[in-house]
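Q: Can you walk me through this one? I'll start with a single residue, then move to the fold.
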Amino acid sequence: MTSPIFERYHVLVVPGWQNSGPEHWQSRWQDAHPAWQRVQQADWLTPSRADWVATLDAAVRAADRPVLLVAHSLGCATTAHWAAQHPDSAARVAAAWLVAPADTERADAPPAVAGFAPLPRAPLPFASQIIASDNDPYCAAARADALARQWGSALTVLHAAGHINTDAGFGPWPEGLAALADWLATLPLAHP
């Protein structure tokens with residue numbers, strides 16, 4: 001399922017740690033929408049917050065229309081850090097869809113993502129929605145709720161959806177794409 005509403009935006013796909021494989025919903029959605037652009041990090045396995053933020057900033061600055069960020073996991077943390085550090089280019093973003101944000105502050109967070117803690121607490125300067133799960137091993141539902149309140153994001157919590165990735169059964173995820181289109185339709189019209 002596709003929607004013409006996506007044509008209003010320069011869509012940037014922002015994967016998390018280790019990138020999103022070919023069966024992941026981010027990759028499937030990108031395959032279905034060739035104009036969508038993946039934010040390609042130089043090192044997916046040992047992420048550097050400074051590098052990831054700089055790469056996202058360059059991608060946003062290169063956009064020719066209002067930007068829609070479609071982020072997953074550590075990509076959500078990257079988005080929050082980028083927005084806090086680059087308010088000038090954050091003005092180019094119309095909206096962010098933040099799926100299964102990684103809680104980089106949790107006690108059992110992998111060392112590879114430790115550089116992304118602490119997470120910013122300031123409201124995001126653009127419309128945003130967090131899609132979380134009530135059994136995500138990388139972000140408790142209560143933590144997702146706290147992030148939504150801090151970031152000023154709408155929140156949807158899915159039941160038993162794990163980390164909302166391929167391992168949790170989220171390959172094509174047409175329901176997610178439809179929900180994204182429906183949410184975008186509620187936002188003020190993005191002007192090129």
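Q: Which strand is alanine 94 found in?
A: Alanine 94 is in strand β4. Strands (E, at least two residues) and helices (H or I, at least four) are DSSP runs, numbered from the N terminus.

Q: What kind of model is this, and how are residues numbered?
A: This is a predicted model: local features need pLDDT of at least 70, side-chain atom pairs count only at pLDDT 80 or more, and totals for chains, interfaces and linings use all residues. Residues are numbered from 1 along each chain as its sequence is written, and side-chain values use heavy atoms, with hydrogens and water left out.

Q: What does alanine 94 touch?
A: Not counting residues up to four places away in sequence, alanine 94 touches Tyr9, Pro66, Val67, Phe126 and Ala127. Contact means heavy atoms within 4.5 Å.

Q: Switching to the sheet. What is the strand order?
A: The order is β2-β1-β3-β4-β5-β6, in an open sheet with parallel pairing. Two strands pair if DSSP finds at least two bridges between them.

Q: Which strands are at the edges?
A: β2 (37–38) and β6 (154–158), each pairing on one side only.

Q: How many bridges join β5 to β6?
A: Five, with β5 covering residues 127–133. Alanine 132 stands opposite valine 157 in β6.

Q: Which strands does helix α5 touch?
A: Helix α5 (residues 141–151) packs on the sheet and touches β4, β5 and β6. Its direction makes about 175° with that of β5. Axes are lines fitted to C-alpha atoms, for helices over the stretch in contact, and angles run from 0 to 180 degrees between N-to-C directions.
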